[in-house]
Amino acid sequence: MNDFVSESDGIINALKFFSIFYRIIFDNINLRKHKLSKSQIYILLSLVYGKKLTVSNIAKMTSTSKEQTSRAISALVEEGYAEKTCDTNNKRIVLISMTQKGYDLMTQGRESVNQRITEKFKLLPNEDKEKFLKSMRCVFETFKKISEIDLDK
C-alpha cells in the first residue's frame with residue numbers, strides 16, 4: 001500500500017512539474033507573433049528530434065488525432081515552418097520535416113527560455129541550485145527509462 005501511495009505521489013508531482021515547465025516554456029514564446037498554436041509548437045518540438053516523421057508518428061507523439069495533426073501541419077507548411085516530402089522508398093508515405101525557418105524559430109524560442117530561466121535560477125540559493133540539478137539528472141534518467149518500456153509487448 002505504501003509503495004502505491006509513494007508511486008502515485010511521484011506521478012502527481014511529475015505532472016505538477018510538467019504543468020509548471022509548460023507554463024515557463026509557453027510564457028516565453030510569443031505564439032501570436034508567429035501565428036502558432038500550442039499544438040503547432042508541440043509538432044515543431046517533435047520534429048526537432050524526429051527529423052522526418054509521418055503524420056501518424058507526430059499524432060502519436062503529440063497525443064492528438066491524425067485529423068487535428070494534419071490541419072496543424074498544413075498551417076505550419078503554409079507559414080514555411082515545415083515541409084512535406086515523399087518517402088524515397090514508398091511514394092505513398094508523406095514525411096514531415098522542419099524547414100530552416102522552423103529551426104530558426106525553435107532556436108530563438110530555446111534561447112529566450114534559457115535566458116529567462118537562467119536569470120531566475122541565479123536568484124536561487126546555491127543549496128537549492130544543487131538540489132535542483134541533482135534532481136533533474138535523476139528525473140531525466142528515470143523518464144528516459146520509462147519512455148523505453150513498451151507495455152504492448
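Helix α7 contributes the largest share of the nonpolar surface patch, 3 residues. The model is predicted, so that local features require pLDDT of at least 70 and side-chain atom pairs count only at pLDDT 80 or more, whereas totals for chains, interfaces and linings use all residues. Residues are numbered from 1 along each chain as its sequence is written, and side-chain values use heavy atoms, with hydrogens and water left out.

The nonpolar patch covers about 670 Å² and is made by Phe18, Phe21, Val139, Phe143, Ile146, Ile149 and Leu151. Two or more residues of the patch are given by each of α1 (2-27) and α7 (126-147); helices are DSSP runs of H or I with at least four residues, numbered from the N terminus. Patches consist of residues with over 30% relative accessible area and no salt bridge, nonpolar side chains (Val, Leu, Ile, Met, Phe, Trp, Tyr) being joined within 5 Å and like charges within 9 Å. Accessible areas were computed by the Shrake-Rupley method with a 1.4 Å probe, and for residues only the protein chains shown count as cover. Phe21, a member of the patch, lies in helix α1. With a relative accessibility of 39%, Phe21 counts as partly exposed (buried means under 20% relative accessible area, exposed over 50%, and partly exposed in between).

Rolling a probe the size of a water molecule over the atoms shows where empty space is left. A pocket is defined on a 1 Å grid over the protein atoms alone as an open set of points where a 1.4 Å probe fits, with protein on both sides within 12 Å along at least five of seven lines; lining residues have an atom within 4 Å of a point. The largest pocket has a volume of about 1900 Å³, a volume being the space filled by probe spheres set on grid points that are joined across faces, edges and corners. The elements giving two or more residues to the lining of this largest pocket are α1, α3 (38-50), α4 (55-62), α6 (100-121) and α7. The lining comprises 41 residues, and Phe17, Phe18, Phe21, Tyr22 and Ile25 lie nearest the pocket centre. Helix α6 supplies the largest share of this lining, 13 residues. By class, the lining of the largest pocket contains 27 nonpolar, 8 polar and 6 charged residues (Ala, Val, Leu, Ile, Met, Phe, Trp, Tyr, Cys and Pro count as nonpolar, Asp, Glu, Lys and Arg as charged, and the others, Gly among them, as polar).

The second largest pocket has a volume of about 260 Å³. Its lining is formed by Lys60, Ile146, Ser147, Ile149 and Leu151, which divide into 3 nonpolar, 1 polar and 1 charged. Ile146, Ile149 and Leu151 also belong to the nonpolar patch.

Side chains of opposite charge can pair when their charged atoms come close. With a salt bridge taken as a side-chain nitrogen of Lys or Arg within 4 Å of a carboxyl oxygen of Asp or Glu, the count comes to 2. In one, Glu119 pairs with Arg116, the closest N and O atoms being 3.9 Å apart. Both residues lie in helix α6, 3 residues apart, about one turn of the helix. Glu119 is partly exposed at 38%, and Arg116 is partly exposed at 38%. In the other, the closest N and O atoms of Lys131 and Glu127 are 3.5 Å apart. Because Lys131 and Glu127 are 4 residues apart in helix α7, about one helical turn separates them. Lys131 is partly exposed at 48%, whereas Glu127 is exposed at 52%.

Notes: Buried < 20%, exposed > 50% of the residue type's maximum accessible area, 1.4 Å probe, protein only.
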